[in-house]
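I opened a new page for this protein.

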Amino acid sequence: MQQPLFKLSALTAVILGLAACGGGDKPAQQAGSDAAPAASGGNKTLIYCSEGSPAGFDPAQYTAGTDFDASAYPLYNNLVEFPRGETTVAPALAEKWDISEDGKTYTFHLRQGVKFASTDYFTPTRDFNADDVVFTFQRLIDPNTEFNKAYPAEFLYAMDMGIPELIDSIEKVDDYTVKITLKTVEAPFLQNIAMPFAVISSAEYADQLLKAGNAADINTKPIGTGPFILKSYQKDTQIRYTKNPDYWDKDNIHIDNLVFAITKDSAVRAQKVQAGECNVAAYPKPAEIEAAKKSDKVAVLEQPGFNVGYLSYNQEKGKLADLKVRQALDMAVNKDAIINAVYQGAGIKATNPMPPSQWSYNDQLVDAPYDPEKAKALLEEAGVNNLEVSLWYMPVQRPYNPNAKLMAEMVQADWAKVGVNAKLVTYEWGEYLKRVKNSEHDVVMLGWTGDNGDPDNWLGTLLSCQAVKGGNNNSRWCNKEFDQLVVGARQETDQAKREEAYRQAQVIFKQDLPWTTMAHSVVTHFTTPNVKNYKISPFGSVRFDGVDIE
């Protein structure tokens, strides 16, 4: 049974009403002009019920999937990319590239005829070229660029991956050739720059913002080469995009209007898809999945998740620096009971800081057994009585955790049995991430979906000493032996040697316990039956290039 493209219902009325009122920087009449699909002429609108608001639209600044889904994928392109649903790097804004014999110099040959988006606030006078690539990467690595001085943003992902220390030079050879030279060999370099933090920005637009004294507008009025153009944004309500008429790969774009209807409650998202009010929704809870499977109104897409959910212990906070305390907290958590209740058959217990499908996964590691009595004894040995900690839990569903609140309540109850009082804390998603980066938490519930298929994306990005500076290492754990293995593996081109280093690093992780690893989930998305060619990304992103709707 096919659902109508745009069923006139409560959510539709809200979206149309909001559009008529305007939003962002568009005049009210203009902002509402393309909110609803045309009655004829093939104008197609797809509505995605998203789980949260983005913190901004400059992907270089962020690390969360909600930010990337709303900015990097609809609005921008990279030099190289992972095609939707795939894990192998392919050409994008660079049509081809050469790598020097010593593995340190990458020469990118750029695609010609690519245009940046035209909006009411920017009209490009030239096509994409090497100047844009140089601007993008200089911005990531050099805080003293004129633009960075005007708008000193923090590039957390690039920082945590060591990009500023890695790149030695960026050279414009000619208008359509760029040479990037590294200080050392970086085995996953191409995979790394295919990630959202490395999308290409317009140098011409940056110059315009500088001259106007509005450099910060790069985060609220984005300009990219991507398939869609941002029309308006109302936090916690909706984001509206239209198809980029000048997109270089226009044959791959089939929808005219894209709406993110921000819907934080997963049950409401599930209901809206069943009612035809949203066409796509992600991250349902297990009970909602079972209901959807019994319905003929929803297509249920499932895929093993390339992810991990975990509890991270902030080792800058008092007793959590003591290994015995972390061992006790870890041993006091009844992971089997939590996984049964929270994931309900759609998750498996996590032992390592990466999923079993990641090459170099060490299958010899085991969890400590659930043992409250041993946990009490360890706390006593550590001289800890009536320990009080804050336990932060996410306010949104994520691919790696469908119900963070329930998980937090169960962990709180487990810890109470061994004399640990956990105060539950949460914030709006953007504020949550900001405060975690500032190390305000004691124990924080988070997770990760792999971004590029390389072990470094887990062990380096999340657990290296470098990642403490950027904030992705929210345990603030810096183990020199672990770090030497991970950094060394990053600079090694022999796959077998890399694998052995990562396996050893996982042993150190398990011995030192900066996290309690919880689960790897199955990822589920809902679509209406009239949505065609939608794919679940192996990297957890939500993308609408290539998607069609009848």
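I began with the term: a disulfide is a pair of cysteine sulfur atoms within 2.5 Å. The model is predicted, and I found two disulfides in it.

I looked up the pair C49 and C278, with 2.0 Å from S to S. The torsion about the S-S bond is 55°, and I noted the link as right-handed. C49 sits in strand β1 (residues 45-50) and C278 in the loop between α11 (266-274) and β11 (280-282), so the bond ties together parts 229 residues apart in sequence. I noted C49 as buried because its relative accessible area is 1%, under the 20% cut-off. C278 is buried too, at 0%.

Next I looked up C465 and C478, also joined with S to S at 2.0 Å. The torsion here is about 95°, so I wrote down right-handed. C465 is in the loop between α18 (456-463) and α19 (466-470), and C478 is in the loop between α19 and α20 (480-490), 13 residues apart. C465 is buried at 13% relative accessible area, whereas C478 is partly exposed at 37%. I recorded the pattern as 1-2, 3-4, counting bonded cysteines along the chain.

Then I turned to the whole protein. I listed 21 helices and 20 strands. The radius of gyration is 24 Å, close to the 24 Å that the globule rule gives for 550 residues, so I put the protein down as being as compact as a globular protein of that length. The C-alpha trace spans about 70 × 60 × 40 Å along its principal axes. Of the 550 residues, 59% are buried.

How values were computed: Residues numbered from 1 in each chain as written. Predicted model: local features only at pLDDT ≥ 70, side-chain atom pairs only at ≥ 80, totals over all residues. Heavy atoms only, no water. Helix = DSSP H or I, 4+ residues; strand = E, 2+ residues; numbered from the N terminus. Rg over C-alpha atoms; globule rule 2.2 N^0.38 Å. Buried < 20%, exposed > 50% of the residue type's maximum accessible area, 1.4 Å probe, protein only.
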